[in-house]
Amino acid sequence: MDWSAWRDEFPTFRTMTYLNTCSLAPLASRVRAAQERFLDEWEALGASAWYELWVDALDSLRGKVARVLGARREEIALAPSVSVALSAVASALDYAERPRVVLSDLEFPTLSYQWAVKPAAERIFVPSTDGIRVSPNLFESAADDRTALVATSHVYYTSGAIQDIRAIAKVAHGHGALALIDAYQATGQLPTDVHAADIDVLVTGGLKWLLGGTGIAFLYVRGSLAETLRPTIAGWFGNARMFDFDPKVFEFHDGARRFELGTTANAAVYAANAGLDIVLEIGVDRLRKRTSELVTDVIERLFDAGYVLKTPDSPAERAGIVAIQMRDPPQAVRALASKKFIVDYRHDRLRVSPYFYNSPDDNERFVQALRAVTPPVT
Ligand SMILES: Cc1ncc(COP(=O)(O)O)c(C=O)c1O
């Protein structure tokens, strides 16, 4: 694979060292071209673009997401954000007999907030002893026969630690609960097979490792499960007969589509389609290998420079995020940005997230710049 040719696809690299895919992927020329195509179609066709092109674009997007997750197309729904996808799923559960939702301390907040606002639901947080990962045994001790869901991340956004989602599914199912995985930091960079992992629900989104832009997210619901769930928030896209325009009759769409609500943001759909084309063209296995190599490379350089990391030591356990412990991460991020190095921070750590378009040279220049702005804590 000629990785430097792929780098040319991302003009951002002409002006800066960008190592922040875990926040937002840089803009690919193909994604820009797809946005322009969407605008041209809108201008040329107006509303008829819906029937001639855009309904197909939605379906094509569902199909690509299905490929990347090992799912079937009818198991995928589109949503404007992970928060909306989660809300739709959370609305379909009955908390009377199973009020509990087991999460960990390390989840991205929006995963937990769905149940924070539901008086009938009770959240149980499994602690992390090292701030990097959570032992599957702790999920097992926290789940019981009053648990509706074990809801946790595939990759933790603050440490890059990969969780064994098959083990999570086993824990949930052992108690008659569902396994819901927030895979936003995994999809694209980590091979995923939702059927082999035996999970029930997965949420993910377009703007990080899938190279699309904002305003689009994806929901997987296991086929046989989707048929049994009846969301209590609805919109016309979730109606099996949406084009009947009958306000009196709502019939749940087959499969995951029942969780879709209203009109899609088609610029975002075009961006996501184009980003996914790149991911599928390279292939997730290759992306995983390349990202692992770059992560190991930057970790070695950071160790040599004396930094303390909050990322797993074992390459098999870590994805494309490297967390560096810092005294004042916001200051470090600002100082680096002023030198055209783009990374970000969460809590007490700076996050660096190399992807296929980065290079060992980016890593070296980043570590040199970091040493200049924030020497390691001794
Ligand atoms: C793990 C994880 N989940 C969810 C989100 C965002 O969710 P939403 O699409 O609701 O903004 C992010 C974004 O940073 C994330 O890292």
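Modeller: The model is a predicted one. Let us begin with helix H2, which covers residues 29-45, and helix H3, which covers residues 48-69. These two helices pack at an angle of about 150 degrees, and their axes are 9 Å apart. Since angles over 145 degrees count as roughly antiparallel, that angle makes H2 roughly antiparallel to H3. The crossing of the two helices is right-handed. On the side of H2, the contact is made by Phe38, Glu41, Trp42 and Leu45, while H3 contributes Ser48, Ala49, Glu52, Leu53 and Trp54. Sorted by class, these residues comprise six nonpolar, one polar and two charged.

H2 also packs against helix H10, which spans residues 266-282. Here the angle is about 145 degrees, and the axes lie 8 Å apart. The crossing of H2 and H10 is right-handed. From H2, the residues involved are Arg30, Val31, Ala34, Gln35, Arg37, Phe38 and Glu41. They meet Asn266, Ala267, Tyr270, Ala271, Ala274, Gly275, Asp277, Ile278 and Glu281 of H10. This contact has eight nonpolar, three polar and five charged residues.

For context, consider next a sheet elsewhere in the chain. It is an open sheet of three strands in the order S9-S12-S11, with antiparallel pairing. Strands S9 (322-325) and S11 (344-346) stand at the edges; each has a single partner strand, so one side of each is left without a neighbour in the sheet. On average, neighbouring strands are turned by 35 degrees against each other, direction ignored. S11 is joined to strand S12, residues 349-352, by three bridges, and Arg346 has Arg349 in S12 as its bridge partner. Helix H12, residues 329-338, packs on this sheet and touches S11 and S12, its direction making about 40 degrees with that of S12.

Finally, a single residue may be examined. Val201 is located in strand S7, residues 201-205. Its relative accessibility is 1%, so Val201 counts as buried, the cut-off being under 20%. Apart from neighbours within four places in sequence, Val201 is in contact with Val89, Ala179, Leu180, Ile181, Leu219, Tyr220, Val221 and Leu225. Val201 and Gly238, which are 37 residues apart in sequence, are 17 Å apart in space, C-alpha to C-alpha.

Key:
Residues numbered from 1 in each chain as written. Predicted model: local features only at pLDDT ≥ 70, side-chain atom pairs only at ≥ 80, totals over all residues. Heavy atoms only, no water. Axes fitted to C-alpha atoms, helices over the stretch in contact; angles between N-to-C directions. Helix = DSSP H or I, 4+ residues; strand = E, 2+ residues; numbered from the N terminus. Parallel < 35°, antiparallel > 145°, perpendicular 65-115°, else oblique. Left-handed = near helix turned anticlockwise from the far one by under 90°. Contact = heavy atoms within 4.5 Å. Nonpolar A, V, L, I, M, F, W, Y, C, P; charged D, E, K, R; others polar. Buried < 20%, exposed > 50% of the residue type's maximum accessible area, 1.4 Å probe, protein only. Pairing = 2+ DSSP bridges.
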